[in-house]
Amino acid sequence: MRIREVRNTRSLAYEVRLVDGILDVVASEIAQAAGGRQLLVVTSPTVHELYTRRIVADLLRSDVRTSCLVIEASERRKSLDLVEDICTFAGREGVDRRSVLVSIGGGVCSDLVTFAASWIRRGIAHFRVPTTLIGLIDAGIGIKGAVNFRGRKSFLGSFHPPEVAFLHPAFLATLPDRHLRAGLSEIVKMALIRSSALFDLLDSECENLDACRFARRDLDSDEILWLAIETMLDELEPNLFESVSYERPVDFGHTFSPIVEAASEYTVLHGEAVAVDMALSSTMALHLDLLSPDEHAEILGLFRRLGLPIASPLLNVDRCMEALEAAAKHRGGAVNLILPCGIGRTCCFNDDCAFEPGFLQRALCATQEAAG
Ligand SMILES: NC(=O)c1ccc[n+]([C@@H]2O[C@H](COP(=O)([O-])OP(=O)(O)OC[C@H]3O[C@@H](n4cnc5c(N)ncnc54)[C@H](O)[C@@H]3O)[C@@H](O)[C@H]2O)c1
Ligand SMILES: [Zn+2]
């Protein structure tokens with residue numbers, strides 16, 4: 001037998017830029033980062049009408065070789081078919097190894113583009129221009145892309161970092177309220193797992209966020225946004241490829257939520273399902289004496305004031321058990337359930353007592369009662 005081991009490491013760096021003020025600068029920033037490379041822009045119909053048409057026109061006016069594909073990037077259609085559509089578009093436009101895919105839109109759009117960019121010619125560069133709150137603080141700043149496959153949420157995907165993520169809170173001015181709230185849910189998640197300072201800021205600013213939409217740079221809302229982004233990046237950076245550990249605090253709220261999303265046929269938004277999951281997980285933590293009654297009340301109180309759902313009729317014991325089984329498959333064989341053990345702190349729970357139908361039933365009922 002002869003063995004020759006092959007080893008290599010690939011360093012990775014990408015930039016996340018939070019940009020002040022007006023949207024007029026988006027095209028010039030993209031053009032500058034492109035440095036003469038061909039741009040293949042992918043966007044969704046609403047975002048195209050509101051923003052992308054103008055951005056593409058500006059890029060063409062500055063002589064950047066740019067073409068644009070508009071796709072129905074909705075959660076229900078987030079499948080391989082759309083990734084193929086992007087690949088077909090790229091082929092038609094003469095994509096080469098230096099071309100750059102650009103996603104302008106929400107997390108669905110950037111997930112599809114990330115996936116397609118990792119496939120095309122075994123990996124081309126991509127830029128992200130997130131236009132939703134989830135995009136700004138979560139989907140747009142990590143390195144993952146994914147599609148749903150045969151009823152399984154994010155079953156197929158890849159790790160493929162963007163070259164740059166351009167974050168402009170000004171896009172949020174037109175974001176529907178429901179989607180704004182869904183993004184707030186992920187910010188609450190970051191606060192609960194890592195930053196009591198962020199929790200306190202959310203608590204004091206929650207009445208203003210609807211109106212200001214993170215656009216008034218003098219307000220605490222700016223601090224909330226940047227703290228949420230930094231907290232997320234601090235969490236992701238040491239375990240970007242999820243290869244170091246399956247015990248990921250950012251999985252808080254992401255154990256029971258996929259099944260709520262799927263059971264609703266994706267009419268419940270990701271952030272809404274995450275809120276329902278966080279509320280249930282917080283009640284489980286209360287019943288396990290990891291969280292005090294005051295902390296539990298404070299958490300659910302913030303959910304209410306932010307207009308986030310606390311319970312869902314779609315979540316029952318059977319579905320919870322199914323979700324725990326799926327989580328174990330995804331997380332190296334153990335459930336690794338992330339539970340809050342205070343505000344800004346989590347623990348990774350693998351004790352079977354939390355996964356018994358009777359325990360789950362009690363936690364579901366208590367959460368339902370708290371929801372009123
Ligand atoms: N890859 C990751 O790390 C990661 C992380 C979190 C979430 N995600 C994924 O992101 C998706 C959710 O993303 P999302 O919440 O951005 O939803 P989304 O992409 O579905 O966008 C929400 C809706 O808002 C519209 N929209 C977008 N920007 C707008 C704007 N500025 N004004 C008006 N309308 C606008 C879109 O057209 C869409 O209809 C889920 O599929 C989730 O799995 C991925
Ligand atoms: Zn999420």
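Tutor: Two strands pair if DSSP finds at least two bridges between them. Helices (H or I, at least four residues) and strands (E, at least two) are DSSP runs, numbered from the N terminus. This is a predicted model, in which local features need pLDDT of at least 70 and side-chain atom pairs count only at pLDDT 80 or more, whereas totals for chains, interfaces and linings use all residues. Residues are numbered from 1 along each chain as its sequence is written, chains are lettered from A and ligands numbered from 1 in the order in which they are written, and side-chain values use heavy atoms, with hydrogens and water left out.

Student: How many bridges join strand E9 to E10?

Tutor: Strand E9 covers residues 337-340 and runs antiparallel to E10. Leu-337 stands opposite Phe-349 in E10. The number of bridges joining the two strands is 4.

Student: Which residues coordinate the zinc ion (ligand 2)?

Tutor: Donors are N, O and S atoms within 2.8 Å of the metal (3.2 Å for Na, K and Ca); water is not among the atoms, so sites may look incomplete. The donor residues are spaced E-x67-H-x15-H in sequence. Glu-186 in helix H6 (residues 177-194) and His-270 in helix H10 (residues 270-287) are 84 residues apart, a pair that links distant parts of the chain. At 2.0 to 2.1 Å, the coordinating residues are Glu-186 (OE), His-254 (NE2) and His-270 (NE2).

Student: Is Glu-186 buried or exposed?

Tutor: His-270 counts as partly exposed because its relative accessibility is 23%. Glu-186 has a relative accessibility of 0%, and therefore counts as buried.

Student: Which helices do the buried residues of H7 pack against?

Tutor: The buried residues of H7 include Leu-198, Phe-199, Glu-205 and Cys-206. Contact means heavy atoms within 4.5 Å. The packing partners are H6, helix H8 (220-236) and helix H11 (293-305).

Student: Which backbone nitrogen does the side chain of Asp-277 reach?

Tutor: Asp-277 is in helix H10 and counts as buried because its relative accessible area is 1%. Leaving aside neighbours within four places in sequence, Asp-277 is in contact with residues including Gly-253 and His-254. At 3.0 Å, the side chain of Asp-277 reaches the backbone nitrogen of Ser-257.

Student: What is the phi of Arg-150?

Tutor: Most residues other than glycine have a negative phi. Arg-150 lies in the loop between strand E6 (144-149) and strand E7 (152-159), and counts as exposed because its relative accessibility is 73%. Its phi is positive, near 45°.

Definitions and conventions: Buried < 20%, exposed > 50% of the residue type's maximum accessible area, 1.4 Å probe, protein only. Polar contact = N/O pair within 3.5 Å; in protein donor to acceptor, adjacent residues only side chain to side chain.
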